[in-house]
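The following explanation is intended for a reader who meets this structure for the first time. Please consult the sequence and the model while reading.

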Amino acid sequence: MPAITMNSALGCGAVEVGTAVARMLEMDYVDRLVLAEAAKRIGATVEAVAEKEQRVTSVRDRVARFLQRMLERSALSSASGEPYLGTGYDVLLSQQYTELEKESITTARLIDEKRFVEVTRAVIEDLAKAGNVVINGRASNMFLWEWPGILHVGLFAHMEHRIQVLTKRLHIGETEAGDLAIRTEQARRAFYRHVFKVDPNLSSHYHLILNMDKLSVETAAELVVHAAKGL
């Protein structure tokens, strides 16, 4: 299977459902944190990356090897001589929507919003080309909407449920979890409107929308798996 994308407001359970789907279908699971860690490993493990397919390791190691190949290929194919992945791209891949609005995005270490979108699109499209991957977040459904054979899943949950998920996942208090959920969703909506001119929660952007107020993680994952097998 090429790919499954999973997008939602923070705390709807996309991490939990996404990893469960990946486990059931024996696919890789990739989100912001996996990409960021893999990107950071490239600089420290170039020799290991160069070993290519000698052994199968963790998802993060596989993504690191994948990003390294992308970096090499883009460096060779770019007409301007500048790869679309360059200095600071590990920082870009780790950004949350809320962080994109800070002034620091214009500093030398980071790259402007246009660059962020270019890097994100390139990484997501190459992940889809490689296939057999569950991609969580990063507006992956929008970047891949025209691609055939990819299942786009959206998750929904009310704030009470989202707070419960975040307190358990992040080990924080309910007030902090609620504030984080609100800030992140405001920034996420702003990003989608600015880049794609759409509301991220419109049902027309997904093949399948799951109400996590009513479903367990395992049941939701089973529904995604069933839908994916029906493509």
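Predicted model: local features only at pLDDT ≥ 70, side-chain atom pairs only at ≥ 80, totals over all residues.

**A walk through the model**

Leaving aside neighbours within four places in sequence, L180 is in contact with L10, L170 and I172. L180 is found in helix α9, which comprises residues 174-196. Because buried means under 20% relative accessible area, L180, at 18% relative accessibility, counts as buried. L180 is also 169 residues apart in sequence from G11, yet the two are 9.5 Å apart in space, C-alpha to C-alpha.

Attention now turns to helix α1. This helix has 12 residues, 14-25, and at 1.5 Å a residue it should therefore span 16 Å; its end C-alpha atoms are 16 Å apart, which agrees. Which residues of α1 are buried? They are A14, V17, G18, A20, V21, A22 and L25. These buried residues pack against several elements: the strands β1 (3-8), β2 (28-30), β3 (133-136) and β4 (150-156), together with the helices α8 (159-170) and α10 (217-229).

The crossing of α1 and α10 is right-handed. On the α1 side, the residues that meet α10 are E16, V17, A20, V21, R23, M24 and L25; on the α10 side, they are V217, E218, A220, A221, E222, V224, V225, A228 and K229. By class, this contact has 11 nonpolar, no polar and five charged residues.

Most residues other than glycine have a negative phi. Just after α1, however, E26 takes a positive phi of about 55°. E26 lies in the loop between α1 and β2. A second residue other than glycine with a positive value is R138, whose phi is near 60°. R138 lies in the loop between β3 and α7 (140-143).

Are E26 and R138 buried or exposed? E26 has 69% relative accessibility and therefore counts as exposed, the cut-off for exposed being over 50%. R138, at 8% relative accessibility, counts as buried.

Key
Residues numbered from 1 in each chain as written. Heavy atoms only, no water. Helix = DSSP H or I, 4+ residues; strand = E, 2+ residues; numbered from the N terminus. Expected span 1.5 Å × (residues − 1). Buried < 20%, exposed > 50% of the residue type's maximum accessible area, 1.4 Å probe, protein only. Contact = heavy atoms within 4.5 Å. Left-handed = near helix turned anticlockwise from the far one by under 90°. Nonpolar A, V, L, I, M, F, W, Y, C, P; charged D, E, K, R; others polar.
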